[in-house]
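Open the model in your viewer and keep the sequence panel beside it. Each stop below says what to select and what to look for.

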Amino acid sequence: MLPPFPNAELVPSLWFPLVKKFYQAHYPSGKPNKADPIWAIKEHGVILAAARLKQIDNHQLLTGMVTTPNKRNTGIGQHLLRNLQPILKQKSSYCFALDHLTHFYQRAHFQVINENDLPDILRTRFRTYRSQGRNITPMQYFSP
């Protein structure tokens, strides 16, 4: 059985400095943006995991998902994604998973898709990231 974790919360603006520090410490390239909804699991005032849902037209892109190193491989990432299911169901949701993490996202109901199946605005972004040398796979969330 997985250890219990607090539920994810939508980060209020007052938390933003805390979230920014969290990203700087654990995922410097994952720059949080106040305009994007950011969801976090926090315990005793400390962020354990976070993810952004970048709103792009009528779609959302799960990005910047990160877990503090001492909580990785404990189930907290899957717990965060389970908490996000109601939000992911609201509109078409995608992620550009690092190739070695596709199985992780598949367990959370994301499916590998062909890049040509991405909406135009996301396909352009995906191709830009790939051209920068990122080893990523396009995935779409499908409700269980």
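Start with the largest nonpolar core of this predicted model. The core has 24 residues. Select Leu-62, Leu-80, Leu-81, Leu-84, Tyr-105 and Phe-110, which touch the most other members. Next, colour the elements that each supply at least two residues of this core: E2, E3, E4, helix H2 (76–88), E5, helix H3 (102–106) and strand E7 (136–141). Which of them gives the largest share? H2 does, with six residues. In soluble globular proteins, nonpolar side chains tend to be buried together.

Apart from neighbours within four places in sequence, Leu-62 is in contact with Ala-51, Arg-52, Leu-53, Leu-81, Leu-84, Tyr-94, Cys-95, Phe-96, Tyr-105 and Phe-110. Another core lies apart from the largest one and has 11 residues, including Val-11, Tyr-23, Ile-47 and Val-66.

**The sheet**

Switch to a cartoon view. Seven strands form an open sheet with mixed pairing, in the order E1-E2-E3-E4-E5-E7-E6. Which strands stand at the edges? E1 and strand E6 (110–112) do; each has a single partner strand, so one side of each lacks a neighbour in the sheet. Strands of a sheet pair through backbone hydrogen bonds, either parallel or antiparallel.

Walk along the sheet from E1. Strand E1 (residues 9–10) is antiparallel to strand E2 (residues 38–43), and two bridges hold the pairing. The hairpin of E2 and E3 has two residues between the strands, and in it His-44 takes a positive phi near 55°.

Move on to E4 and strand E5 (residues 92–98). These two pair in the parallel sense, over four bridges. Select His-59 and its bridge partner Ser-92, which lies in E5.

**Helix H1 on the sheet**

Select helix H1 (residues 16–26), which packs on the sheet and touches E2, E3 and E4. The direction of H1 makes about 100° with that of E3. Show the side chains of H1. The buried residues are Phe-16, Val-19, Phe-22 and Tyr-23. These cover an arc of only 120° around the axis, and therefore lie on the same side of H1. On the other side of H1 you find the exposed residues Pro-17, Lys-21, Gln-24 and Ala-25. The cover over the buried residues of H1 includes E2, E3 and E4.

Now pick Thr-67, in strand E4 (residues 59–67). Is Thr-67 buried or exposed? Thr-67 is buried, because its relative accessible area is 10% and buried means under 20%. Leaving aside neighbours within four places in sequence, the contacts of Thr-67 are Phe-22, Leu-48, Ala-49, Arg-72, Ile-76 and Gly-77.

**Aromatic rings**

Show the rings of the aromatic residues. A pair of aromatic rings is described by the distance of the centres and the angle of the planes. There are seven aromatic pairs. One of them is Tyr-23 with Tyr-27, a tilted pair at 6.3 Å centre to centre and 40° between the planes. Tyr-23 is buried, at a relative accessible area of 1%, whereas Tyr-27 is partly exposed, at 31%.

Then select Phe-96 and Phe-126. The ring centres of Phe-96 and Phe-126 are 5.2 Å apart and the planes lie at 70°, so this pair is edge-to-face. Phe-96 in strand E5 and Phe-126 in helix H4 are 30 residues apart, and the pair links distant parts of the chain. Phe-96 counts as buried at 13% relative accessibility, and Phe-126 counts as buried at 0%. Finish the rings with Phe-104, Tyr-105, Phe-110 and Tyr-141, which ring pairs link into a cluster.

**Last stop: a loop**

Select Gly-133, in the loop between helix H4 (120–131) and E7. With 51% relative accessibility, Gly-133 counts as exposed. Draw a distance line from the C-alpha atom of Gly-133 to that of Asn-116: the two are separated by 19 Å, and they are 17 residues apart along the chain.

How values were computed. Residues are numbered from 1 along each chain as its sequence is written. This is a predicted model: local features need pLDDT of at least 70, side-chain atom pairs count only at pLDDT 80 or more; totals for chains, interfaces and linings use all residues. Side-chain values use heavy atoms; hydrogens and water are left out. Two strands pair if DSSP finds at least two bridges between them. Buried means under 20% relative accessible area, exposed over 50%, partly exposed in between (1.4 Å probe, protein chains only). Contact means heavy atoms within 4.5 Å. Axes are lines fitted to C-alpha atoms, for helices over the stretch in contact, and angles run from 0 to 180 degrees between N-to-C directions. The arc is that of the directions from the helix axis to the C-beta atoms. A nonpolar core is a set of buried Ala, Val, Leu, Ile, Met, Phe, Trp, Tyr and Cys residues joined through side-chain atoms within 4.5 Å. Rings of Phe, Tyr and Trp (its six-membered ring) pair if their centres lie within 6.5 Å; planes under 30 degrees apart count as stacked, over 60 as edge-to-face and the rest as tilted.
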